[in-house]
Amino acid sequence: EKGGYDYFMLKEIAEQPKAVADTLLGRIDAGGSLTLDEVRIPVHELREVDKVVIVACGTAFHAGLIAKYAIEHWTRIPCEVELASEFRYRDPILGTRSLVIAISQSGETMDTLMALRHAREQGSKVLAICNTNGSTIPRESDAVLYTHAGPEVAVASTKAFLTQLVACYLVALYLGQVRGTKWGDEIQAVIRDLSQISGEVERVLETMEPVRELARSLADKKTVLFLGRHVGYPVALEGALKLKELAYMHAEGFAAGELKHGPIALIEDDLPVVVVVPSPRGRSVLYDKIVSNIQEIRARGARTIVIAEEGDEAVVPYADHLIRIPATPTLLQPLVATVPLQVFACELATARGNEVDQPRNLAKSVTVE
Ligand code: F6R
């Protein structure tokens, strides 16, 4: 049942190229446009949406944080992302033109379910992004976009996360498409890139041996920090979450720009810090800033583990360890940048003798609030 792998998690990491391709299947037509007829919210209603609110927990919340960058960029609709467990307790402002997106692998997470019930009571439309057919969250939503990751058995979410990202990009691009934005050409180009991305995820998986080796060498460490900017920030949060739940290590993700506002005080000699570097093409301000962040922490003794695009030579002098990922458009980078972090956490957990598929104190679906 584990298909020759020692753990379900390893199997599910390896299944990611297929999961991503399956989630795209039938949703891009021959002309390169999106066909999301299954999202049964009428196009005229989607055109009237004046606010998107994403609710989710854990890893699904990180997918939502990334979705915000895509939705706001491609549609110019304001988007909020909130932990489902916090959402309904603060009397959120919702109306009939709000589109609430509930992201959940299991479709049974109680916090997310209660958040979507609250949204529907306020008259908002709810779109579920879910991996489990016929589960409670899609049943109680106005519409659903299923991720086609297949069953995810390991408690730590991997392939479900990548397919949640794909689904979020599809929703963002679709909203852009139906409303028409100045980014029409970019949307077309990104749809093309998205249709190739499964092959890029495959290429990342083929180069993971050095990451495993690095993980094993860090098995005695107490803390690992993760830094990112823009969509790299939620990737950093996800890398840290994976490490907490699997390796039981102190791990924290930060927005790199926040370093100087406090976290830089944590940097000490030989502290491993993983940095997710955006593409040097295009948004050069973002890129230059993170390169100087890497220099700042390295000057204070950090052991830098740099995840950078192939062909990015400027980071090489500051990387104690370099993990290469394929070039992608900035917004799609999380699809390739997250994979090494999953492998890293899984291998560290194994090296520390932890139960990879069943981490202590955790359950696959959290059906209590
Ligand atoms: C982390 C993890 C959890 C879930 C969270 C939401 O690896 O698995 O953080 O992502 O409990 O679960 P779903 O997506 O089923 O609502």
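Helix axes are taken here as lines fitted to C-alpha atoms over the stretch in contact, with angles running from 0 to 180 degrees between N-to-C directions. In this predicted model, helix α11, which spans residues 232–247, packs against helix α13, formed by residues 334–351, at an angle of about 20° and with the two axes 9 Å apart. Because angles under 35 degrees count as roughly parallel, α11 and α13 are therefore described as roughly parallel to each other. The crossing in which α11 passes α13 is right-handed. On the α11 side the contact is made by V235, E238, G239, K242, L243, L246 and A247, and these meet P334, A337, T338, L341, F344, A345, C346, L348 and A349 of α13. Divided by class, this contact of α11 with α13 comprises 12 nonpolar, two polar and two charged residues.

Helix α11 also packs against α4, here at an angle of about 170° and with the axes 9 Å apart. As angles over 145 degrees count as roughly antiparallel, α4 and α11 are therefore roughly antiparallel to each other. The contact involves G58, T59, H62, L65, I66 and Y69 from α4, together with Y233, P234, V235, L237, E238, L241 and K242 from α11. The residues of the contact of α4 with α11 fall into eight nonpolar, three polar and two charged.

The volume of the largest pocket is about 540 Å³, and of the 25 residues that line the largest pocket, C57, G58, T59, K364 and V366 are the closest to its centre. The element that gives the most to the lining is α11, with four residues. By class, the lining of the largest pocket divides into nine nonpolar, 10 polar and six charged residues.

A further helix pair is formed by α2 (residues 16–24) and α8 (residues 159–179), whose axes come within 9 Å and cross at roughly 30°. This angle makes α2 roughly parallel to α8, and α2 passes α8 in a right-handed crossing. The residues in contact are Q16, A19, V20, T23 and L24 of α2 and K159, L162, T163, V166, A167 and L170 of α8. Seven nonpolar, three polar and one charged residue make up the contact of α2 with α8.

How values were computed: Residues are numbered from 1 along each chain as its sequence is written. This is a predicted model: local features need pLDDT of at least 70, side-chain atom pairs count only at pLDDT 80 or more; totals for chains, interfaces and linings use all residues. Side-chain values use heavy atoms; hydrogens and water are left out. Helices (H or I, at least four residues) and strands (E, at least two) are DSSP runs, numbered from the N terminus. Angles under 35 degrees count as roughly parallel, over 145 as roughly antiparallel, 65 to 115 as roughly perpendicular and the rest as oblique. A crossing is left-handed if the near helix is turned anticlockwise from the far one by less than a right angle, and right-handed if clockwise. Contact means heavy atoms within 4.5 Å. Ala, Val, Leu, Ile, Met, Phe, Trp, Tyr, Cys and Pro count as nonpolar, Asp, Glu, Lys and Arg as charged, and the others, Gly among them, as polar. On a 1 Å grid over the protein atoms alone, a cavity is a set of points where a 1.4 Å probe fits but cannot get out, and a pocket is an open set with protein on both sides within 12 Å along at least five of seven lines; lining residues have an atom within 4 Å of a point. Grid points are joined across faces, edges and corners, and a volume is the space filled by probe spheres set on the points.
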